Amino acid sequence: MRVAIIGGGIAGLAAAYELQLARRAGAPVEYELFEAGPRLGGVISSSLVDGTVIERGPDSFLTEKPAAAQLCRELGLESHLVPSNDAQRKTFILVRNRLVALPDGLMFLVPTKLLPTALTPLFSWLTKIRMGFELLHPPRPHTGDESVAALVKRHYGQQAVDRLADPLLSGIYGGDAGQLSASAVLPRMVEMEAKYGSLTRGMLAGMRARKVAEAAKAAEAEEAEREAPAPRPLFTTLRFGLQEMVDALVSRLDAERLHVGAPVTGVERDSESGGWLVDAAGVVERFDGVVVATPAWAAAQILEPADRELSGELEQIPYSSSVTINLVFDGADLDPLPEGFGFLVPAVEKRAMLACTFLHRKFPGRTAPGKSVLRAFLGGAHNAELLAESDDTLAGLVRRELFQILTISAVPELIEVQRWPRAMAQYAVGHGARQRRIKDRVAALPGLHLVGNAYDGIGISDCIRLGRGAARELVGGGKGVLEPVR
């Protein structure tokens, strides 16, 4: 079997790695990976500058999703895994040029503790009263998709959308709460509303169930005379940057099968063999299977010759663009910096920044002694036009806002600007229905698999899971777990 992998981001590399495992286990499979750009790894890009890790793309992955950590262990990077410093996991929201900490007991968008919610200056008294009466909401059957903003506003009011839902989701998706699908982005809350009515009551019920489960595990561990499992950190990263994972993956693949700077311009069915014809830079090759690991908008162009309807659906998946700016300071120049991981900026504040992370706090030990790293995010659904500005202009905007918000006047020792155009898929209202239509079209095209952040999760672990799963299905119907390559 010959498999073409189109796209050399983490999803495509994960698919190639899984096929490499199959080859090592004796499966008669060959693969060729085509990447249009000048490097592999997609949006994962990091480097070590004078002892400080600079992350230009994502800085970590969610610990609760196991695929990324499992892959790191297979690649021999377990000793390099670094947990987030959750003891300092405090996040602030910018409100009228003042940083306000998210109140204790806030479970993503849902308040679960009365006193902290009542005392926080994040919300007006009218919003707080509405949050209290939200406990009386009756169950509401799910009748169709709606935006996250509509769901949150129905329960907690517009101020909760502006100061909570929009900045939190902008920090994750670079998106707009008024456009993102509640069913796709917050499926658990949609289920809670249908079952409990009140999101707060639903969240409290879930918390009680988790406590019972944790107590049972602790009792089981005590009975077996072993230590109870330690609480898992929210995020995990790698000691020398997430680029470590990309480099380790690439080192385990056959170099002659990795084609960088090789754009694929078209994919179509081979009517004679039932396979696939892949046109890469004018050279057409035949393959038995194809894993398309590009953004959906690129996949739409590539797959147009094979299925116009599928191409049309992929083209309709919206994307947001972003800019990350790393600023390295002498730590003494930032005192006193608020305790916590950083802050989020609501769109109603009319700022250039979407968020700012204090990376030296989030992951201690990844900066040179005495150095601090602030990482600012710009762009997103509200300010996509900022990508057209020069590096100097963007750096100036961030420095000016850091002075206004944190009174930081020091000159950074290093500033790095990275643009990511059309990089983050947006799970807009109707995303679930579109995904079902896409799956139906793909099911009619044997040997074709679509992977990446446009389909079933936007995180690193999601992309790894989808990439490896596609490779397993092509090789053996998804059966079994192959041994890792050492």
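Modeller: Here are some questions and answers on helices, salt bridges and a few single residues.

Biologist: Before we start, what kind of model is this, and how are residues numbered?

Modeller: Residues are numbered from 1 along each chain as its sequence is written, and side-chain values use heavy atoms, with hydrogens and water left out. Local features need pLDDT of at least 70 and side-chain atom pairs count only at pLDDT 80 or more, while totals for chains, interfaces and linings use all residues, since this is a predicted model.

Biologist: Which residues of α15 are buried, and what arc do they cover around the axis?

Modeller: Buried means under 20% relative accessible area, exposed over 50%, and partly exposed in between (1.4 Å probe, protein chains only). In α15 the buried residues are His431, Arg434, Gln435, Ile438 and Val442. They sit on the same side of α15, because the arc, taken from the directions from the helix axis to the C-beta atoms, is only 100°.

Biologist: Which exposed residues does the face turned away from that buried side carry?

Modeller: First, the buried side: its residues pack against α7 (182-185), α12 (308-315) and β22 (448-450), where contact means heavy atoms within 4.5 Å. The face of α15 turned away from them carries the exposed residues Arg436, Asp440 and Ala443.

Biologist: How do α2 (residues 67-74) and α16 (residues 460-476) pack, and at what angle?

Modeller: Two packed helices are described by the angle between their axes and the distance between the axes. Axes are lines fitted to C-alpha atoms, for helices over the stretch in contact, and angles run from 0 to 180 degrees between N-to-C directions. Angles under 35 degrees count as roughly parallel, over 145 as roughly antiparallel, 65 to 115 as roughly perpendicular and the rest as oblique, so α2 and α16 are roughly perpendicular to each other. Their axes are 7 Å apart, and the angle is about 70°.

Biologist: Which residues make that contact?

Modeller: α2 contributes Ala67, Ala68, Leu71 and Glu74. On the α16 side, buried residues include Ile460, Ser461, Ile464 and Arg468. The residues of α16 that make the contact are Ile460, Ser461, Ile464, Arg465 and Arg468.

Biologist: How many salt bridges does the structure hold?

Modeller: A salt bridge is a side-chain nitrogen of Lys or Arg within 4 Å of a carboxyl oxygen of Asp or Glu. Counted this way, the number of salt bridges is 30.

Biologist: How many residues apart in sequence are the parts tied together by Glu285 and Arg2?

Modeller: The side chains of these two residues meet in a salt bridge, at 3.1 Å from N to O. Glu285 lies in strand β15 (residues 283-287) and Arg2 in strand β1 (residues 2-6), so the pair ties together parts whose separation in sequence is 283 residues.

Biologist: And which parts hold Lys371 and Glu413?

Modeller: Here too the side chains meet in a salt bridge, with 2.9 Å from N to O. Lys371 is partly exposed at 24% relative accessibility, and Glu413 is partly exposed at 48%. The pair ties together parts 42 residues apart in sequence, because Lys371 lies in strand β20 (residues 371-379) and Glu413 in the loop between α14 (391-406) and β21 (414-425).

Biologist: Is Lys128 buried or exposed?

Modeller: Lys128 is found in helix α4 (residues 125-133). Leaving out residues up to four places away in sequence, Lys128 touches Thr117, Ala118, Leu119, Thr120 and Phe123. Its relative accessibility is 12%, so Lys128 counts as buried.

Biologist: Where is Arg96, and what is its phi?

Modeller: Arg96 has its place in the loop between β7 (91-95) and β8 (98-101). At 69% relative accessibility, Arg96 counts as exposed. Its phi is positive in a residue other than glycine, with a value near 55°.

How values were computed: Helices (H or I, at least four residues) and strands (E, at least two) are DSSP runs, numbered from the N terminus.
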